[in-house]
Amino acid sequence: MNKNSKSDAYAAAGVDITAGYKAVELMKQHVARTATAGVCSDVGGFGGLFELDLTGITKPVLVSGTDGVGTKLKLAFLMDKHDTVGIDCVAMCVNDIVCVGAKPLLFLDYIACGKNVPERIADIVKGVADGCVQSGAALIGGETAEMPGFYPEDEYDLAGYSTGVVDKDKIIDNKKMAVGDVVIALPSSGVHSNGFSLVRKVFDVENADIKTPVEALGGKSVGETLLTPTRIYVKPVLALLDKVQVKGISHITGGGFYENIPRSIPDGLCANIRKDAVRILPIFRLIQEKGGISEHDMFNTFNMGVGMSIVVPASQADEALAILKAEGEDAYLIGEIVKAQGEEKIELC
């Protein structure tokens with residue numbers, strides 16, 4: 001830390017640069033946990049350096065994704081719990097890029113806040129580091145911006161960016177998908193990081209009691225349940241790709257089943273999803289009941305208990321399920337690929 005770097009004038013305007021230095025010191029222990037062989041720089045430089053190991057990759061293609069946590073952060077503010085939203089931020093990026101078969105290599109975060117409270121910033125970065133460890137990505141840099149007058153003192157925004165690599169010949173592009181292939185579901189941990197504008201309206205979270213245990217939620221409170229971090233599927237999916245022909249992957253985010261599953265289905269085919277096979281989590285039934293929301297809108301907004309869907313040949317379904325379960329995923333079948341009857345690429349029946 002540079003002890004001479006202190007501006008009374010800037011502090012009077014609401015920006016404490018010394019708090020930023022302290023936050024960096026506190027987060028270093030978390031960043032260190034994410035280090036992989038490719039990391040070539042320490043926290044604090046002007047750019048994060050990463051050396052590519054292209055062993056076994058003949059035609060390297062870089063795959064990048066960026067996203068934020070959205071209004072789920074409002075729950076973190078209300079619950080005063082900030083050490084898990086970083087997992088959400090990482091998940092929203094790495095779960096996207098693994099859909100094309102890419103292995104995440106690195107991650108950078110961006111935190112904008114009304115007031116830099118070093119301990120809170122460190123908590124946020126702890127979550128980011130946890131997500132990076134879960135996905136095998138190195139946290140090689142980031143930015144914390146103190147913006148008084150733009151954000152309230154107790155609020156912040158969080159976004160991130162990830163880059164991965166895949167061999168061009170192994171990119172998942174759905175061209176070989178065919179009638180008779182099956183759709184596998186990977187269970188979600190809850191609402192993940194989508195649909196929270198509707199969730200917050202349904203539960204009136206700013207005014208209602210969201211901290212009291214609820215029997216329908218297994219004794220957890222609404223706030224605790226909603227803050228459950230997004231599940232990261234990178235390692236199970238990469239393990240699957242080594243042994244099974246994967247023809248399509250969909251990360252079920254905003255837009256639910258109707259928007260996301262069709263993104264991995266080619267023209268002329270349709271995913272026939274059995275609604276009675278979907279293991280709907282209690283939180284979604286509570287949202288639907290309390291909000292008076294139609295079944296269609298629920299499946300068109302939320303993941304409903306399925307965080308990712310994977311299409312494989314029917315002949316390899318049992319092997320795929322066994323691999324995923326060995327990787328800690330309680331995967332199960334929810335449908336099959338059929339010939340499209342029109343332009344729709346998904347049918348829930």
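About 690 Å³ of space lies in the second largest pocket of this predicted model. Its lining takes in 29 residues, and the ones nearest the centre are Val-24, Gly-44, Gly-142, Glu-143 and Thr-144. Sorted by class, the lining of the second largest pocket has 15 nonpolar, nine polar and five charged residues.

Now for the largest pocket, which holds about 890 Å³ of space. Here 33 residues do the lining, and Gly-101, Val-165, Val-166, Asp-167 and Lys-170 are the closest to the centre. The elements giving two or more residues to this lining are strand E2 (103-113), strand E4 (156-167) and helix H8 (234-241). The lining of the largest pocket divides into 14 nonpolar, eight polar and 11 charged residues.

| Pocket | Volume | Lining residues | Lining by class |
|---|---|---|---|
| Largest | about 890 Å³ | 33 residues | 14 nonpolar, eight polar, 11 charged |

Next, a pair of helices. Two packed helices are described by the angle between their axes and the distance between the axes. For helix H4 (residues 85-97) and helix H5 (residues 118-135), the axes come within 6 Å and cross at roughly 40°. Because of that angle, H4 counts as oblique to H5. As for handedness, H4 passes H5 in a right-handed crossing.

Which residues in H4 and H5 meet? On the H4 side they are Gly-86, Ile-87, Val-90 and Val-94, and on the H5 side Ile-124, Gly-127, Val-128, Asp-130, Gly-131, Cys-132, Gln-134 and Ser-135. Taken together, the residues of this contact divide into six nonpolar, five polar and one charged.

Last stop: Thr-301, which sits in the loop between helix H11 (295-299) and strand E8 (306-312). Which residues does Thr-301 contact, leaving aside its neighbours within four places in sequence? They are Gly-195, Leu-198, Thr-253, Gly-254, Gly-255 and Gly-256. Take Gly-195: Thr-301 is 106 residues from it in sequence, yet the two are 6.1 Å apart in space, C-alpha to C-alpha.

Notes. Residues numbered from 1 in each chain as written. Predicted model: local features only at pLDDT ≥ 70, side-chain atom pairs only at ≥ 80, totals over all residues. Heavy atoms only, no water. Axes fitted to C-alpha atoms, helices over the stretch in contact; angles between N-to-C directions. Helix = DSSP H or I, 4+ residues; strand = E, 2+ residues; numbered from the N terminus. Parallel < 35°, antiparallel > 145°, perpendicular 65-115°, else oblique. Left-handed = near helix turned anticlockwise from the far one by under 90°. Contact = heavy atoms within 4.5 Å. Nonpolar A, V, L, I, M, F, W, Y, C, P; charged D, E, K, R; others polar. 1 Å grid on protein atoms, 1.4 Å probe; cavity = no way out; pocket = protein on both sides within 12 Å on 5 of 7 lines; lining within 4 Å. Points joined across faces, edges and corners; volume = space filled by probe spheres on them.
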